[in-house]
Amino acid sequence: MSKRIALVEDDAIILSNYRDALTRGGYAVETYSTRADATAGCRARLPDLAILDIGLGDEIDGGFALCRDLRALSASLPIVFLSARDSDFDIVSGLRMGADDYATKDISIPHLLARIAALFRRLDAQRQPARAEDVLHRGALCLDINRLSVTWREQAVTLTVTEFWMVHALVKFPGHVKNRDQLMREAELTVDDNTITSHMKRIRKKFVEIDEKFDEIETVYGLGYRWRAE
């Protein structure tokens with residue numbers, strides 16, 4: 001069965017072009033031009049992935065509000081922003097609101113399809129047969145690849161798909177520094193340093209909300225990040 005993508009874009013021509021490209025890529029596409037319609041449609045039937053523009057009609061930041069709504073519906077739904085807005089502020093804002101990826105509209109269709117496929121590959125890890133090595137224990141942390149779940153001190157840490165694989169990259173080899181390129185390979189992303197930094201800030205915040213003394217993720221300036229060795 002084809003994966004279902006919710007595509008939210010207020011420009012009819014752009015919406016049609018991306019819908020056709022995604023359909024040719026083998027996806028079932030549901031299109032929406034307003035935040036209200038997209039919210040109602042996704043509540044009625046959650047898609048497998050959502051692609052959002054930021055400006056939706058009269059709502060300059062309607063896509064940001066929609067992202068928050070969708071993230072409230074599902075912590076694991078892959079969300080991608082596809083926008084003409086390319087400022088660091090918009091990119092960081094989108095990621096902080098829970099998006100897994102942010103692309104600008106100058107991205108090529110093959111590149112966009114590759115990034116969507118990467119998100120789906122990470123989700124498909126849930127369906128693989130369980131193996132003992134797929135559950136990692138690092139002190140108070142438990143990471144389960146099959147369930148894409150993380151707990152800290154026996155409390156669930158709600159991570160997006162991208163955040164999960166970035167944490168996995170760090171905890172797999174505690175004490176080893178992971179640079180930006182290594183983190184991108186693990187999370188199957190193509191982003192800049194600011195985007196990686198934004199993801200890390202969001203990840204840390206989620207752990208700190210559970211444990212205010214959390215400091216397991218270290219920044220090694222000029223090199224990258226590492227999970228403290230036990």
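Figure 1. Four strands make up an open sheet with the order 6-7-8-9 and antiparallel pairing. Strands here are DSSP runs of E with at least two residues, helices are runs of H or I with at least four residues, and both are numbered from the N terminus; two strands count as paired if DSSP finds at least two bridges between them. The edges are taken by strand 6 (135-138) and strand 9 (155-157), each with a single partner strand, so one side of each has no neighbour in the sheet. From one strand to the next, the twist averages 25°. Axes are lines fitted to C-alpha atoms, for helices over the stretch in contact, and angles between N-to-C directions run from 0 to 180 degrees. The model is predicted: local features require pLDDT of at least 70 and side-chain atom pairs count only at pLDDT 80 or more, whereas totals for chains, interfaces and linings use all residues. Residues are numbered from 1 along each chain as its sequence is written, and side-chain values use heavy atoms, with hydrogens and water left out.

**Figure 2. Strands 8 and 9 and the loop between them.** Strand 8 (residues 149-152) and strand 9 run antiparallel and are joined by three bridges. Opposite Trp-152 stands Gln-155 of strand 9. The loop between these two strands contains Arg-153 and Glu-154. Most residues other than glycine have a negative phi. Arg-153, which is not a glycine, has a positive phi of about 50°, and Glu-154, also a residue other than glycine, has a positive phi near 65°. Arg-153 counts as exposed because its relative accessibility is 51%; Glu-154 counts as exposed at 78%. Buried means under 20% relative accessible area, exposed over 50%, and partly exposed in between, with a 1.4 Å probe and protein chains only.

Figure 3. Helix 6 (residues 161-171) lies across strand 6, strand 7 (141-144) and strand 8. The helix runs at about 120° to strand 7. Contact means heavy atoms within 4.5 Å.

Figure 4. Five strands with parallel pairing form an open sheet in the order 2-1-3-4-5. Strand 2 (28-32) and strand 5 (101-104) are at the edges, each with a single partner strand, so one side of each is left without a neighbour in the sheet. The twist here averages 20° from one strand to the next. Strand 1 and strand 2 run parallel and are joined by five bridges; Ala-6 has Glu-30 in strand 2 as its bridge partner. Helix 1 (residues 12-24) lies across strand 1, strand 2, strand 3 and strand 4, at about 165° to strand 2. Helix 2 also packs on the sheet, where it touches strand 1 and strand 2, and its direction makes about 140° with that of strand 2.

Figure 5. Helix 3 (residues 62-73) has twelve residues, which at 1.5 Å a residue should span 16 Å; the end C-alpha atoms are 17 Å apart, in agreement. The expected span is 1.5 Å times one less than the number of residues. Its buried residues are Gly-62, Gly-63, Phe-64, Ala-65, Leu-66, Cys-67, Leu-70 and Arg-71. Their cover includes strand 1 (4-8), helix 2 (35-44), strand 3 (49-52), strand 4 (79-83) and helix 4 (88-96). In helix 4, the buried residues are Asp-90, Ile-91, Val-92, Ser-93, Gly-94 and Leu-95.

**Figure 6. Leu-223 in the loop between strands 10 and 11.** Leu-223 is placed in the loop between strand 10 (217-220) and strand 11 (224-227). With a relative accessible area of 54%, Leu-223 is exposed. Residues up to four places away in sequence aside, Leu-223 touches Val-177, Lys-178 and Asn-179. Leu-148 is 75 residues from Leu-223 along the chain, and their C-alpha atoms are separated by 27 Å.

**Figure 7. The protein chain as context for the close-up views.** The protein chain has eight helices and eleven strands. Its C-alpha atoms fill a box of roughly 55 × 40 × 30 Å along the principal axes. Of the 230 residues, 49% are buried. Among contacts with a separation of 6 or more, 59% are between residues 24 or more positions apart.
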